[in-house]
Amino acid sequence: MKKHILAAAALCACASTASAQSAVTIYGIIDAGLTSLDNDGPQGRMTKVDTGQMQVSRWGIKGQEDLGGGYRARFGLEGTLLNDTGGAGVGFGTPTSTSLFDREATVGISGGFGAIDIGRQNIVGIMSVGMADPLGLGFASSSPNVLFAAMNNAAVYGPYGANNGGTALRQNNSIKYTSPVFKGLSFAVMRAFGEQSGDAQKSSYQGGAVLYNTGKLAVAGAYARMKNNTNTDLLTSHAYGIKYAFPAVTLKSTYSMNELRSTGRKIAIFGAGADVPVAQQFLVTAAYYNTKRSGDLADNSQQYILIGRYLMSKRTTGYVSIGRAVTDEVVTADQINLAQNFVAVGSDSANRFTMGIMHMF
């Protein structure tokens, strides 16, 4: 009996030590809004419930363990939630498959040297575009900075990088190093492998980014290059962002351009916006985007968006948004739609009204 008591005490002590040295967190965002979208073309007005307006709905599990000596093991698993239908995970790749943790699946180690993470993860360009995006990466399904600056558009960027035909925003089979922050300055480098025999450049991604952040001022830049699966074409991208917080307003601006070597196609995105706190719990955001295609053919699109957010609590936000998008010409089914998921095929302008709620847990 005494041996059993001692064994149980030892087991409890081990469990207590393990829980003190490690931590696992379940987290997420549930966001849904009612949207009225009015196109000037044959599609006309449509009313729908959309998920992930202010932020993409998601859930995740992350954790870390203290290894001693200032080192920690860590992991991250994150997947998209389609809470308007109850679905989970977004399909990507060729052939298309749905992954439970489509947003992130990494394991790594951190310490005084910085951090190394291995798996499926965001490209380092998100340090520049995401940091200063006028909408804070809101309305991701139609945002030019998400779809084109961050290359989250499988139809346009799918053949390039280690994403198996999916969005270039996230790369499979990747390893990323993030430096420690020194007087506001940090950097990151990342390499993703196509894992094809005989040529390490096939379906590869290579990128780097630098970020300087003092709290009030943040400036970042990033560069990336991606090869197709035969190493016969190259996609390059450079992106920049700047944000400055004044007492009464925060100003944000981004610029990005990506270029395809085979055709000379260039897609450039300029964004500018401001966050204005008009009351203790009420924030107004105004944003403008210009998306321009050149090199192979000329095309242009503009978006104008105004958002009002009411902070109900630390975790819950109600919001209302109005937006307008215009294109140079009527959008056709066989061209790249620079106002994707906003202006429909057969139209050259659209108006959008959205009201919704976002809860973080």
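Biologist: Let me start with I267: which residues does it touch, not counting those up to four places away in sequence?

Modeller: Contact here means heavy atoms within 4.5 Å. On that basis I267 touches F148, V156, Y157, S256, M257, N258, T291, K292, R293 and I336. Bear in mind that this is a predicted model, where local features need pLDDT of at least 70, side-chain atom pairs count only at pLDDT 80 or more, and totals for chains, interfaces and linings use all residues. Residues are numbered from 1 along each chain as its sequence is written, and side-chain values use heavy atoms, with hydrogens and water left out.

Biologist: Which residues touch the most other members in the largest nonpolar core?

Modeller: In soluble globular proteins, nonpolar side chains tend to be buried together. A nonpolar core is a set of buried Ala, Val, Leu, Ile, Met, Phe, Trp, Tyr and Cys residues joined through side-chain atoms within 4.5 Å. Buried means under 20% relative accessible area, exposed over 50%, and partly exposed in between (1.4 Å probe, protein chains only). The largest core has 35 residues, and F148, M151, Y157, Y205, M226, L235 and I267 touch the most other members.

Biologist: Which strand gives the most to this core?

Modeller: Helices (H or I, at least four residues) and strands (E, at least two) are DSSP runs, numbered from the N terminus. Strand 13 gives the most, with five residues. There's also a second, separate core of 10 residues, with M54, F139, Y289 and M358 among them.

Biologist: And how many aromatic pairs are there?

Modeller: Rings of Phe, Tyr and Trp (its six-membered ring) pair if their centres lie within 6.5 Å; planes under 30 degrees apart count as stacked, over 60 as edge-to-face and the rest as tilted. That rule gives five pairs. One of them is W59 with F101, tilted, at 5.6 Å centre to centre and 40° between the planes. This pair links distant parts of the chain, 42 residues apart: W59 is in strand 3 (residues 58–68), and F101 is in the loop between strand 7 (97–98) and strand 8 (104–111).

Biologist: Where do charges sit over rings?

Modeller: A charge sits over a ring if NZ of Lys or CZ of Arg is within 6 Å of the ring centre and within 35 degrees of the ring normal. The charged end of K62 is over the ring of Y27, 5.1 Å from its centre. R352 lies over the face of F342, 4.2 Å from the ring centre.
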